[in-house]
Amino acid sequence: MADGRMVSGTGIVSGQNDTGSTISAQRVVMKDATVTEGIKLPTGITVACLGVTLNDIENNFYGGVQRAGRALCTAAAAITAGAELMTDTAGKVLTWSAAGGSNAFFIGTAVGAAAADGDDIYVDLDLGFKQG
């Protein structure tokens, strides 16, 4: 049974991790339709994402997911300040690179820069689909 459901704040929702492993903090997640209030790492760039995890969320636990405002994310590669961002299947953000005419899920805009994979980066969230 899941525990730790209490999450509050503007632009923050609760999500249950039932993936079998911990979802790290600062990762973009999508809804997991197999679980009520379920979340999981994105399965591709064309899926709708819910937001960014605020903390590590252990399996069978709830945690906070930020949907608006300025979020701390984990970079998947070097990113320049002001870059438009999308996510990879590890829930890390990277510079927008959707092919022309293809829809992908837009995460937001990089506030600062990241030098490499694993760096922390602030992102002004603007969740929604965008065409490449």
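First, the ground rules. This is a predicted model, where local features need pLDDT of at least 70, side-chain atom pairs count only at pLDDT 80 or more, and totals for chains, interfaces and linings use all residues. Residues are numbered from 1 along each chain as its sequence is written, and side-chain values use heavy atoms, with hydrogens and water left out.

Start with the sheet. Five strands form an open sheet in the order β6-β10-β9-β7-β8, with antiparallel pairing. Strands here are DSSP runs of E, at least two residues long, numbered from the N terminus. Two of them pair if DSSP finds at least two bridges between them. In general, strands of a sheet pair through backbone hydrogen bonds, parallel or antiparallel.

Back to our sheet, with its order β6-β10-β9-β7-β8. Which strands stand at the edges? They are β6 (70–74) and β8 (93–95). Each has a single partner strand, so one side of each is left without a neighbour in the sheet. From one strand to the next, the twist averages 55 degrees. Axes for that angle are lines fitted to C-alpha atoms, and angles run from 0 to 180 degrees between N-to-C directions.

Now look at β9 and β10. Strand β9 covers residues 103–110, and strand β10 covers 120–131. They pair in the antiparallel sense over seven bridges. Alanine 104 stands opposite lysine 130 in β10.

Next, the rings. How many aromatic pairs does a search of the whole structure find? Two. Rings of Phe, Tyr and Trp (its six-membered ring) pair if their centres lie within 6.5 Å; planes under 30 degrees apart are stacked, over 60 edge-to-face, and the rest tilted.

Tryptophan 96 and phenylalanine 106 are edge-to-face, 6.0 Å centre to centre, with 70 degrees between the planes. Tryptophan 96 is in the loop between β8 and β9, while phenylalanine 106 is in strand β9. Tryptophan 96 counts as buried at 15% relative accessibility; phenylalanine 106 is buried too, at 8%. Buried means under 20% relative accessible area, exposed over 50%, partly exposed in between (1.4 Å probe, protein chains only).

Phenylalanine 105 and phenylalanine 129 are also edge-to-face, 5.0 Å centre to centre, with 90 degrees between the planes. This pair joins strand β9 to strand β10, 24 residues apart. Phenylalanine 105 is buried at 6%, but phenylalanine 129 is partly exposed at 49%.

That's the tour. Thanks.

Terms used. Helix = DSSP H or I, 4+ residues; strand = E, 2+ residues; numbered from the N terminus.
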